[in-house]
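Hello,

Here is the structure I promised to pass on.

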Amino acid sequence: MALDRKRSVRDRGSVRSRGSSSASSSDPREKLKDCCRQFVAFMFTQVGVGALVVSYAIMGAFAFMAIEGESENSENNDHVAHLRSSCLSRLWNVTDHLNVLEERKWKLDVRQVLLDHQQAMALAIKGGYDGRTNQERWTFPSALMFSLSVFTMIGFGHLVPRTQWGKIATMLYAVFGIPVYVLYFMNMGQVLASCFKWFYCKLVRCVNSAGAVDELSDDMDEESYSGLVIVPSTACLWVWLTYLAVGTIMFAEWENWEYLDACYFCVTSLCKIGMGDFVPGANLQASSNQTKLIINFVYLLVGMGIIAMCYNLMKEEILVRLQELKADLIERLQDVSGRMRR
C-alpha cells in the first residue's frame with residue numbers, strides 16, 4: 001500500500017510538471033521573452049553587431065531625409081533669388097538713367113553694382129548656399145554618408161542640418177549611435193583579426209613545408225598551432241597600406257583628384273579626423289556619383305574594421321614581447337642575485 005501511494009504521488013507530480021512545462025511553453029508572453037532574449041543575444045554577436053550598424057545607418061538616412069529633405073528650402077535660396085533680381089533691377093535703372101551719353105559714369109556704376117552683388121553672393125555661399133534644393137541635397141546616399149559621419153565621429157561638415165528638428169535628431173542620433181559604433185569596432189576587429197591570423201597560419205605552414213616547424217605543426221590541431229603563431233606588426237602595416245592604396249587609386253580615378261589629395265582623404269577619413277575639404281560626390285548630383293557615395297560608405301566602414309583588426313593583432317604582439325622581456329629580466333636578475341650570493 002505504501003508503495004502504491006508513493007507511485008501515485010510521483011505520477012501526480014510528473015503530471016503537474018508536464019502540465020506546468022506545457023503551460024509555460026504555450027504561454028505567448030514566455031515565447032515573446034524567449035524571442036527577445038534570442039534577438040538580444042544575436043545582436044551582440046559579430047554578425048549581429050555588423051547588421052546593427054548598417055541598419056542604424058540606413059534608419060538614420062531615412063530619418064534625416066524625412067526631416068531635412070522634406071523641409072522647405074532654406075532662406076539662402078530665397079535670399080539669393082532676391083539678390084539676383086535686385087542686381088538686375090539696379091543695372092536696368094543705371095542704364096535707363098545714364099543711357100549712352102555718359103559712358104564713363106555708366107561703367108563706374110555698373111562695376112559698383114556688380115561688386116556689391118559679388119560680395120553679397122560670397123556671404124550667401126559662406127552661409128551654406130550651394131545652388132541646390134533640400135531634396136537635391138538630402139538624397140539617400142548623402143544622408144547615409146551624413147549618418148556614418150555622425151556616429152563614427154568623422155564629421156566631414158560638408159552637409160549639416162539646418163532645421164531645429166534636424167539638429168535635435170543629430171544630437172540624439174550621435175548619443176545612441178556612438179556606443180553602437182564602439183561595439184562594432186571592438187567586435188569587427190576581433191573577427192577580422194581571427195580570420196587574418198588563420199590565413200597567416202596557413203601561409204606559414206605552406207612556406208615552412210619542411211623542417212622542425214612543420215613537424216611540430218603536424219602534431220598539433222589548428223587551434224593550438226594558431227595560438228603559437230604571432231602575426232608581426234609589419235604584416236598589419238602592409239594590410240593597412242594596401243587598403244589605403246586601393247582607396248587612393250579608386251578616389252583619384254573617380255573624382256579626378258591628385259593622388260596626394262586622394263591619399264589625404266583616405267587617411268583623414270579612416271583615422272576619423274574628417275577635415276571635410278575633400279568629400280567624394282559632395283557637389284555632384286548624377287546617379288553614378290550617388291552610387292559612389294554608397295561605395296564610399298562601405299569603404300570607410302570596412303576600413304575602420306581593418307584598423308581595429310590591426311590594433312588587436314599589434315596589441316597581441318606587444319603583449320607577447322612584453323612577457324618575453326619580463327621573463328628575460330627576471331632570469332637576468334636571478335642570475336645576478338645568484339652570482340652575488342656566491
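Please keep in mind that this is a predicted model: local features need pLDDT of at least 70, side-chain atom pairs count only at pLDDT 80 or more, and totals for chains, interfaces and linings use all residues. Residues are numbered from 1 along each chain as its sequence is written, and side-chain values use heavy atoms, with hydrogens and water left out.

Let me start with the charged pairs. Side chains of opposite charge can pair when their charged atoms come close. I used the term salt bridge for a side-chain nitrogen of Lys or Arg within 4 Å of a carboxyl oxygen of Asp or Glu. The count by this rule is seven salt bridges.

One of them joins Arg90 to Asp116, with 3.3 Å between the closest N and O atoms. Arg90 sits in helix 4 (residues 75–98) and Asp116 in helix 5 (residues 103–126), so this pair ties together parts that are 26 residues apart in sequence. Helices here are DSSP runs (H or I, at least four residues), numbered from the N terminus. Arg90 is partly exposed at a relative accessible area of 35%, and Asp116 is partly exposed too, at 25%. For these labels, buried means under 20% relative accessible area, exposed means over 50%, and partly exposed is in between (1.4 Å probe, protein chains only).

Another salt bridge is between Lys197 and Glu316, whose closest N and O atoms are 2.7 Å apart. This pair links distant parts of the chain, as Lys197 belongs to helix 8 (residues 164–207) and Glu316 to helix 13 (residues 287–341), 119 residues apart. Lys197 is buried, with a relative accessible area of 14%, whereas Glu316 is partly exposed, with 26%.

Helix 13 also holds Arg321 and Glu317, four residues apart, about one turn of the helix. Their side chains meet in a salt bridge of 3.7 Å, N to O. Arg321 is partly exposed at 46% relative accessibility, while Glu317 is buried at 12%.

Now to the cysteines. How many disulfides are there? Taking a disulfide as a pair of cysteine sulfur atoms within 2.5 Å, the count is zero. Cys310 is in no disulfide, and the nearest cysteine sulfur, that of Cys236, lies 4.9 Å away. Cys310 is buried, with a relative accessible area of 6%, whereas Cys195 is partly exposed, with 46%.

Best wishes

How values were computed. Helix = DSSP H or I, 4+ residues; strand = E, 2+ residues; numbered from the N terminus.
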